[in-house]
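Please look through the sequence and the model below before reading on. The text that follows takes loops, a helix and pockets in turn.

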Amino acid sequence: MGIIIGIDIGGSTTKIVGLRDGKPVSPTAVQAGDPLTSCYGAFGRFLSENELALGDIDRVMCTGVGASFLKNEIYGIGTQTVDEFLAIGLGGRFSSGYDNAIVVSMGTGTAIIGVKDGDIYHICGTGVGGGTVLGLSRKLFGSHSFKHIMELASQGDISKIDLSIGDISRSEISNMNNNTTASNFGKVTDDAGNADLALGVVNLVFQTVGIFAMMAARAQGTDKVVLTGNLSQAGPAESILKELEALYGVHYIIPEYSDFATAIGAALWGQQPD
């Protein structure tokens with residue numbers, strides 16, 4: 001069998017990964033002004049970097065919001081479309097190794113998928129996600145570069161932005177300690193700088209998504225939450241999620257290739273018999 005290609009086509013960014021003998025090969029991402037341009041660019045780049053010919057490709061499986069722009073073929077190779085929520089669940093399960101978990105895809109917005117005993121189903125979602133980070137950051141401190149925002153956030157002081165339990169109470173409340181957030185952006189000090197604002201935005205998004213996922217996990221009877229998508233690779237993510245773990249007893253997992261999980265899931269579906 002040749003290589004199965006999984007392609008996750010977003011609005012302007014396309015993720016592509018090969019699957020050979022059940023293992024991911026050369027995950028690649030390409031950005032362009034429109035989904036078709038980024039898709040063709042990613043496919044050509046993948047072939048070139050891996051010194052592959054079109055004949056080496058067994059199947060091309062496409063998913064994502066931009067998949068509808070393809071006309072069932074790319075460079076003359078027939079393509080199949082995979083439901084995006086199914087691809088998210090398959091990719092998250094494969095990447096993490098957990099068969100009973102909540103898989104969260106953090107892109108422009110956020111999708112929350114249940115994976116349990118072989119079943120994969122869409123639970124809910126929220127418009128809070130990477131688009132929120134970029135939009136608020138542009139308005140608050142004039143940056144629309146994801147890389148720059150994360151660099152700033154790594155230097156920020158959240159105590160200049162968020163109101164904590166320690167700010168409003170002399171004692172801890174229930175299982176919450178003095179550093180637990182009482183109100184996001186509830187205490188923006190006069191000397192708060194761009195780095196502090198950046199951390200406040202990232203903290204707001206990850207706490208919101210993390211709590212949504214925690215509630216879904218409790219409803220499903222699991223303590224595993226698998227984070228995937230572009231935003232899962234954000235620098236401050238790990239420390240923010242550790243605080244939520246301590247508070248709610250849910251384990252947040254960011255697996256290898258987490259940002260390519262949906263493309264991996266699409267490729268995995270290509271292994272199904274016709």
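Asp117 counts as exposed because its relative accessibility is 60%; exposed means over 50% relative accessible area, buried under 20%, and partly exposed in between, with a 1.4 Å probe and protein chains only. Asp117 sits in the loop between β8 (110-116) and β9 (119-126). Helices (H or I, at least four residues) and strands (E, at least two) are DSSP runs, numbered from the N terminus. Phi of Asp117 is near 50 degrees, a positive value in a residue other than glycine.

The model is predicted: local features need pLDDT of at least 70, side-chain atom pairs count only at pLDDT 80 or more, and totals for chains, interfaces and linings use all residues. Residues are numbered from 1 along each chain as its sequence is written, and side-chain values use heavy atoms, with hydrogens and water left out.

Asp21 also has a positive phi, near 55 degrees, in a residue other than glycine. Asp21 lies in the loop between β2 (13-20) and β3 (23-31), and Asp21 counts as exposed because its relative accessibility is 74%.

Gln220 belongs to helix α6. Gln220 counts as buried because its relative accessibility is 9%. Its side chain makes polar contacts with the side chain of Asn100 (3.0 Å) and with the side chain of Tyr121 (2.5 Å). A polar contact is a pair of N or O atoms within 3.5 Å; within protein, one must be able to donate a hydrogen and the other to accept it, and residues adjacent in sequence count only if both atoms are side-chain atoms. Not counting residues up to four places away in sequence, the residues that Gln220 touches include Ala101, Ile102, Gly114 and Lys116, where contact means heavy atoms within 4.5 Å.

Thr222 is in the loop between α6 and β12 (224-228). Thr222 counts as buried because its relative accessibility is 11%. With residues up to four places away in sequence left out, Thr222 touches Asn100, Ala101, Ile102 and Ala217. A polar atom of the Thr222 side chain lies 3.2 Å from the backbone nitrogen of Lys224.

Which residues of helix α4 (residues 146-153) are buried? They are Ile149, Met150, Leu152 and Ala153. These residues are on the same side of α4 because they cover an arc of only 160 degrees around the axis, the arc being that of the directions from the helix axis to the C-beta atoms. Among the elements that cover them are α3 (130-141) and α6 (194-220).

The largest pocket holds about 980 Å³ of space. Its lining has 36 residues, and Thr13, Lys15, Gly107, Thr108 and Asn230 are the closest to its centre. A pocket, on a 1 Å grid over the protein atoms alone, is an open set of points where a 1.4 Å probe fits, with protein on both sides within 12 Å along at least five of seven lines; lining residues have an atom within 4 Å of a point. By class, this lining has 12 nonpolar, 19 polar and 5 charged residues.

The second largest pocket holds about 610 Å³. Of its 28 lining residues, Asn179, Thr180, Thr181, Gln207 and Glu243 are the closest to its centre. β10 (163-164), β11 (181-183), α6 and α7 (237-248) each supply at least two lining residues, and α7 gives the most, with 7.

Notes. Grid points are joined across faces, edges and corners, and a volume is the space filled by probe spheres set on the points. Ala, Val, Leu, Ile, Met, Phe, Trp, Tyr, Cys and Pro count as nonpolar, Asp, Glu, Lys and Arg as charged, and the others, Gly among them, as polar.
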